[in-house]
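I opened the notebook to record what I looked up in this structure. The entries follow the order in which I checked things.

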Amino acid sequence: MKYILFVDQFNATNSVMAEGWFNRYARGMHKASSCGVTPAEWTDAQATQAMYQVGIEIGHKLPHRFDAMRAARADLVIWLGASMDLAIQVPVRVWSLEEFAHPLPHQVLGLREQIRQRVLELVQELEQEPTHPKFTDREWHIAIEGLLAM
């Protein structure tokens with residue numbers, strides 16, 4: 001399971017929509033959350049309405065502040081805005097998307113579709129990656145005992 005962190009300036013529109021799309025398309029195989037460098041007080045009402053139209057509820061999300069600890073838990077950080085140096089030790093991808101402090105409805109609908117397409121491609125990419133089996137503590141113990149017995 002991969003954990004993806006979507007980051008933008010305000011965590012009110014782009015990153016929240018990306019989180020919503022990702023968690024829908026990943027169907028529990030992977031998980032995403034979002035945050036912002038200078039988070040707004042609330043999720044944008046236009047973004048909330050646009051995502052509600054496609055059956056994804058984001059209105060309950062409160063913007064979170066980006067920090068190194070949050071990023072360190074991620075397998076991949078995706079920046080949804082103008083390129084920015086996040087100075088973290090996690091792989092970062094940049095999706096150069098416009099960010100609006102107060103977007104108009106047609107701007108949000110355009111962003112929603114751009115983000116949907118990119119998220120869908122990301123989920124498909126993750127599905128193509130080979131998965132490595134995860135061992136339980138007991139399985140690791142048995143494997144190590146077997147190696148030591150050699």
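**Entry 1: two helices**

I looked up how α2 passes α4, and the crossing is right-handed. The model is a predicted one, and I keep that in mind for every entry. Helix α2 covers residues 45–52 and helix α4 covers residues 105–128. I noted an angle of about 55° between them, with the axes 9 Å apart.

From α2 they are Q46, A47, A50 and M51. From α4 they are P105, V108, L109 and R112. I sorted the residues of the contact by type and got six nonpolar, one polar and one charged.

**Entry 2: S15**

Is S15 buried or exposed? I found a relative accessible area of 0%, so S15 is buried. S15 is found in helix α1, which spans residues 14–26. I then asked which residues touch S15, leaving aside its neighbours within four places in sequence. The contacts are F6, V7, D8, S34, C35 and L80.

**Entry 3: salt bridges**

How many salt bridges does the count come to? I wrote down six, and then looked at some of them one by one.

The pair K2 and E129 has its closest N and O atoms 3.7 Å apart. K2 lies in the segment before β1 and E129 in the loop between α4 and α5, so this pair ties together parts that are 127 residues apart in sequence. K2 has 30% relative accessibility and so counts as partly exposed. E129 is also partly exposed, with a relative accessible area of 30%.

K61 and E19 meet through their side chains in a salt bridge of 3.0 Å, N to O. I placed K61 in the loop between α2 and α3, and E19 in helix α1. The two residues are 42 residues apart, and the pair links distant parts of the chain. Both K61 and E19 are buried.

For R93 and E125, I read 2.5 Å between the closest N and O atoms of the salt bridge. R93 sits in strand β4 (residues 92–94) and E125 in helix α4. They are 32 residues apart, and this pair too links distant parts of the chain. R93 is at 29% relative accessibility, so it counts as partly exposed. E125 is partly exposed as well, at 33%.

I also found that R112, E113 and R116 are joined into one network by salt bridges that share partners. R112 had already come up in Entry 1, among the α4 residues that contact α2.

**Entry 4: positive phi**

Which phi does N11 have? I noted a positive value of about 55°, although N11 is not a glycine. N11 is in the loop between β1 and α1. Its relative accessibility is 2%, so N11 counts as buried.

R27 is not a glycine either, and its phi is positive, about 50°. I found R27 in the loop between α1 and β2. At 60% relative accessibility, R27 counts as exposed.

How values were computed
Residues numbered from 1 in each chain as written. Predicted model: local features only at pLDDT ≥ 70, side-chain atom pairs only at ≥ 80, totals over all residues. Heavy atoms only, no water. Axes fitted to C-alpha atoms, helices over the stretch in contact; angles between N-to-C directions. Helix = DSSP H or I, 4+ residues; strand = E, 2+ residues; numbered from the N terminus. Left-handed = near helix turned anticlockwise from the far one by under 90°. Contact = heavy atoms within 4.5 Å. Nonpolar A, V, L, I, M, F, W, Y, C, P; charged D, E, K, R; others polar. Buried < 20%, exposed > 50% of the residue type's maximum accessible area, 1.4 Å probe, protein only. Salt bridge = Lys/Arg side-chain N within 4 Å of Asp/Glu carboxyl O.
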